[in-house]
Amino acid sequence: MGMKSDIKLIDDNGLRIDGRLPNQLRPIKMEVGVVKRADGSAFIEWGGNKIIAAVYGPREAYPKHVQESDRAIVRARYNMAAFSVDERKRPGPDRRSVELSKVISEALTSAIFVEKFPRTAIDVYIEVLQADAGTRVAGITVASLALADAGIPMRDLVVGCAAGKVDGVVVLDLNKEEDNFGEADVPMAIMPRTGDIALLQMDGDLTYEELTNAMEMAMDAAKEIYQLEIKTLKGKYGGDNNDD
Amino acid sequence: MTTKFSEGVVAESKRSYIHKLAKEGMRIDGRDFDETRPIKITTGFIKRADGSALVELGDTKVLVGVKIEPGEPFPDTPNLGIMTTNVELVPLASPTFEPGPPSEEAIELARVVDRGIRESHTIDMEKLVIEEGEKVWVVFIDMHILDYHGNLFDACGIAALAALNDATVPAERFGFGEDFKLPVVHYPVPVTFAKIGEWIVADPNLDEESIASARLTVTTNEEGKINAMQKGLFGTFSYDEVKKVINRSLSIGKKVRSIILGGENGEEN
């Protein structure tokens, strides 16, 4: 984190530059089944983020040497469109997206019953079309929706959410300005049913109390987002329907 | 890092043994759960580098060299120096490392070490300006793995800090006045934990790492602040486990820090 700035990120009334309270999420909208060609797909608008995810598989893993004899491999690919950020991003993977793809793949693997599909690959493509901070947690959230849409058996949906610190205040779900000029960011993903933490990263400068406050804030909000995910899936598949 | 190929097979046969030991509070190499392997640090190992450290963490061996050269500042930070971090998992260090462009493991490793140093503001970047907006010092931290026996995150983090602390800005060589010691003002130390069954051990060795379900690295500084975290692998942690790991990292990190600083600037425990 880290550039210093003269911008005041929390006003005298304790409100943030976009008018939110410290523990308030940005508006979130979700939709499933947006890529007809894929086995499962979803779209999320989260604040200014617009992210689409599609799932292909389980399908035979290629090249063959990547196959695991006792489980499926989960290959998430986090990719930012060149036009998704203010200054054009050079297309293709950079070091950041390689790392994010890795931690997202690992987090999704923990949720999927991979042992049911030996020698296969489950490919999860996450395309960030418009970025506004928190893309990895929005990305993993929309990816888990796409996996559910593909009918892939999972222990639970994986819900991402971040918290951090700006102007000395622990806040939920940082926006772009807060991310650029804030003091810390703690992206997490959990499986809300059990509270298991599947993704956890942190950068910045936090005391133990601040860090635990931030984590608790993110985990509480994840439960809220979880309900939205369930509602979105029920909207497509019906609540009492046992078909799927 | 990767647990594929031959190491995976060996790991499978050791899994039950390591689990059985853990149940009794023991580890395969006789350490306590919070005990790191012996740490040996040799600074100034590479004379051609502006700072260097060879670190042995048990049998894991890494060499970090720091090179410092003048360069252009980033447009949005005209009054700050620059640092970059890179790791090479050279095939000499392990049968599982392959030549070629950096693997995702190498990239993650470099970025986690980078985050600890960057976010703790280890280097006073404002002191690395030669001419504002035109020329600043660029600090290259290059990490070379020489022998891989588990837990590269901590070995690299320790070696990077020791090498930075050893570094001199070579101003004379480039005609910018007198050499000066690289201004290192914070001391972040990563401590990595591996989850084995329901047990969580610090500084996993290769055997432990190869059967771990989840990994968590927590980087803390000398003020007791947390600067970076990174969870890895396919398993999960509960929130209680994470809180305990952070606390354990704070106390283990303190001990490791005093070893890195050789007692000079280190906290006395």
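Buried means under 20% relative accessible area, exposed over 50%, and partly exposed in between, with a 1.4 Å probe and protein chains only. This tour goes through a predicted model, in which local features need pLDDT of at least 70, side-chain atom pairs count only at pLDDT 80 or more, and totals for chains, interfaces and linings use all residues. Residues are numbered from 1 along each chain as its sequence is written, chains are lettered from A and ligands numbered from 1 in the order in which they are written, and side-chain values use heavy atoms, with hydrogens and water left out.

**Stop 1: chain A as a whole**

Select chain A and colour by secondary structure. Helices (H or I, at least four residues) and strands (E, at least two) are DSSP runs, numbered from the N terminus.

The C-alpha trace of chain A spans about 55 × 45 × 35 Å along its principal axes. Its radius of gyration is 18 Å, which agrees with the value near 18 Å for a compact globule of 244 residues. That radius is taken over C-alpha atoms, and the globule rule is 2.2 Å times the number of residues to the power 0.38.

Of the 244 residues in chain A, 57% are buried. Among contacts in chain A with a separation of 6 or more, 68% are between residues 24 or more positions apart; contact means heavy atoms within 4.5 Å.

Switch to a surface view of chain A. The accessible surface comes to about 10,500 Å², and 49% of it belongs to carbon and sulfur atoms. Areas come from the Shrake-Rupley method with a 1.4 Å probe, and for residues only the protein chains shown count as cover. Colouring by charge picks out 31 positive and 40 negative charges, whose mean positions are 7 Å apart. Lys and Arg count as positive and Asp and Glu as negative, without His and the chain ends; each charge is placed at NZ of Lys, CZ of Arg, CG of Asp or CD of Glu.

**Stop 2: A:Arg71**

Next, select A:Arg71, in the loop between strand E3 (49-60) and strand E4 (73-80) of chain A. Is A:Arg71 buried or exposed? A:Arg71 counts as buried, because its relative accessibility is 19%. Leaving out residues up to four places away in sequence, A:Arg71 touches A:Val114, A:Glu115, A:Phe117, A:Pro118, A:Arg119, A:Thr120 and, in chain B, B:Phe234.

**Stop 3: the nonpolar cores**

Select A:Leu108 and A:Met215. Within the largest nonpolar core, of 136 residues, these two touch the most other members. A nonpolar core is a set of buried Ala, Val, Leu, Ile, Met, Phe, Trp, Tyr and Cys residues joined through side-chain atoms within 4.5 Å. Helix H4 (residues 208-237) of chain A supplies the largest share of this core, 12 residues.

Show the surroundings of A:Met215. Apart from neighbours within four places in sequence, A:Met215 is in contact with A:Val186, A:Met188 and A:Leu200, and with B:Met229, B:Tyr239, B:Val242 and B:Ile246. A second, separate core has nine residues, among them B:Ala194, B:Ile196, B:Val201 and B:Ala212.

**Stop 4: chain B as a whole**

Now select chain B, with five helices and 12 strands. Its radius of gyration is 19 Å, close to the 18 Å from the globule rule for 269 residues, so chain B is as compact as a globular protein of that length. The C-alpha trace of chain B spans about 60 × 40 × 35 Å along its principal axes, and 55% of the 269 residues count as buried. Chain B exposes about 11,500 Å², with 51% supplied by carbon and sulfur atoms. Its 30 positive and 44 negative side chains have centres 5 Å apart.

**Stop 5**

Select B:Thr168, in strand E7 (residues 168-169). B:Thr168 is partly exposed, at 31% relative accessible area. Which residue 118 positions away in sequence lies 5.5 Å from B:Thr168, C-alpha to C-alpha? It is B:Asp50, also one of the residues that B:Thr168 touches.

Move to B:Leu146 in strand E6, partly exposed at 27% relative accessibility. Beyond four places in sequence, B:Leu146 touches B:Leu54, B:Lys61, B:Val62, B:Leu63, B:Leu92 and B:Ala93.

End at B:Glu132, in the loop between strand E5 (129-131) and strand E6 (135-147). B:Glu132 is exposed, with a relative accessible area of 57%. Not counting residues up to four places away in sequence, B:Glu132 touches B:Pro78 and B:Asn79. A distance drawn from B:Glu132 to B:Ser213 reads 48 Å, C-alpha to C-alpha.
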